[in-house]
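User: I have a structure open here and would like to talk it through, piece by piece. Could you start with a single residue and then widen the view?

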Amino acid sequence: MQKLLVTGGAGFIGSNFVHYALTNTDSSITVLDKLTYAGNLASLQGLPEDRFTFVQGDICDNGLVDTLVQETDVVVHYAAESHNDNSLHDPRPFLDTNIIGTYTLIEAARKHGKRFHHISTDEVYGDLELDDPERFTESTPYNPSSPYSSTKAGSDLLVRAWVRSFGLQATISNCSNNYGPYQHVEKFIPRQITNVIDGIRPKLYGAGENVRDWIHANDHSSAVLTIIEKGEIGQTYLIGADGEKNNKEVVELILKHMGQPADAYDQVIDRPGHDLRYAIDSSRLRTELGWEPKFSNFDQGIEATIAWYRENEAWWRPQKAETEAKYKVQGQ
Ligand code: NAD
Ligand code: DAU
């Protein structure tokens, strides 16, 4: 039985991975999470007590990280400041957690000779034109646009340097936009679903032409597990499920499933530096490691996600008013 240390396991994707890995393997998991505004212990309920431990703490805390990494077999590093809009208004926590936090973890993994998997994003590659026939691949040059994506790019480069210079036993994955249950209401899809539940019109940045490549969080988790089990040390794997949609299409789909007219949304101030389009070519992961996504029907995935937010208001309600108040100040 392998012992995994999952950082950021109380967040959206980290908690999905914890549930997924405990269901599909016999591993035991320790979660290290600071419980920032984005962490929620309610996302980790119902896990087997003999195989799951939660530690509240900061990935920048050397002593704590050293102890936990020493006790584990594999570090799976999800913890991050993850929201672009926040990074545009207060970048500092992004530098601390995404850069110094990653540095702290890889130093401990190097010292104790532990396997390390780094979770990253397609945003490190910048953006594509709407009509560009190419998609991002593992060899696309880095060109991040926001404080968030530049700190994620920095963290990826630290991991690559530690592999090359110190022989760190690491892999990296860069995934596209995730959706599904337990996502914070600051993010695009849950924000619009919970707005409609509250009788507020969805808010579209600019004309809504920006394209994101959507993947269900469960498919991200199965891909990460595949890379931990079969990935080649030192390699980067792009994770995506061919889910390109522009934001206007997504809002219209949410409105349709929630019984609202297709045009019942507001256009608001655009995000500064707003990336136009992300698109992932995940051929390496599929051909070399045999991974395939299971959630191919976005329409049904959105319907199920809407049902989850309707049924789990107690989970998201405490964050909703504060999140909308922040957006209001920004004119969004
Ligand atoms: P999230 O914001 O929902 O969760 C982040 C978690 O990290 C929270 O539980 C938070 O408490 C914890 N955390 C933050 N700072 C910490 C610190 N200093 N020490 C310990 N814990 C800390 O994020 P998410 O959307 O689940 O993203 C998780 C990871 O996946 C991130 O690395 C992100 O860059 C990456 N990613 C996200 C997406 C996406 O669509 N959301 C896509 C690709 C990659
Ligand atoms: O591509 C992967 C990235 O996806 C991850 O690395 C990030 O952690 C994650 O937050 C996400 O980044 P985005 O900036 O793409 O996600 P967000 O949910 O903030 O926005 C998705 C799109 O919707 C983007 O084009 C901005 C737009 N948007 C967002 C909000 C919150 C709106 O039009 N209206 C909104 O209210």
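Analyst: Let us begin with Asp96, which has its place in helix α4; please keep in mind throughout that the model is predicted.

User: Which residues is Asp96 in contact with, leaving aside its neighbours within four places in sequence?

Analyst: With those neighbours left aside, Asp96 is in contact with Cys60 and Gly101.

User: Switching to ligand 1, which residues come nearest?

Analyst: There are 30 residues around ligand 1, and of these Gly8, Gly11, Ala38, Gly39 and Ala80 come nearest.

User: Which helices and strands each supply at least two residues of that shell?

Analyst: Helix α1 (12-24), helix α4 (92-112) and strand β5 (115-121) each supply at least two, and the largest share, three residues, comes from α1. Helix α4 is also where we found Asp96.

User: What kinds of residues make up the shell around ligand 1?

Analyst: The shell around ligand 1 divides into 12 nonpolar residues, 13 polar residues and five charged residues.

User: New topic: is helix α7 enclosed or open?

Analyst: Helix α7 is largely enclosed by the rest of the structure, because 10 of its 14 residues are buried. Among the buried ones are Ala217, His220, Val224 and Ile228.

User: How far does α7 reach from its first C-alpha to its last?

Analyst: Helix α7, which covers residues 217-230, reaches 20 Å, and this is close to the 20 Å expected at 1.5 Å a residue.

User: Now the whole protein: how many helices and strands?

Analyst: The secondary structure of the protein comes to 11 helices and 13 strands. The radius of gyration is 19 Å, close to the 20 Å that the globule rule gives for 332 residues, so the protein is as compact as a globular protein of that length.

User: What share of the residues is buried?

Analyst: Of the 332 residues, 47% count as buried.

User: Last one, what does UniProt annotate for residues 5-304?

Analyst: The unreviewed UniProt entry gives "domain: NAD(P)-binding" for residues 5-304, and in the model that span is 39% helix and 17% strand, with its end C-alpha atoms 30 Å apart.

Notes. Residues numbered from 1 in each chain as written. Chains lettered and ligands numbered in written order. Predicted model: local features only at pLDDT ≥ 70, side-chain atom pairs only at ≥ 80, totals over all residues. Helix = DSSP H or I, 4+ residues; strand = E, 2+ residues; numbered from the N terminus. Rg over C-alpha atoms; globule rule 2.2 N^0.38 Å. Buried ≥ 20, exposed ≤ 12 C-beta atoms within 10 Å, placed from the backbone. UniProt positions renumbered as here; feature names shortened; annotations may be inferred. Near = placed C-beta within 6 Å. Nonpolar A, V, L, I, M, F, W, Y, C, P; charged D, E, K, R; others polar. Contact = placed C-beta atoms within 7 Å. Expected span 1.5 Å × (residues − 1).
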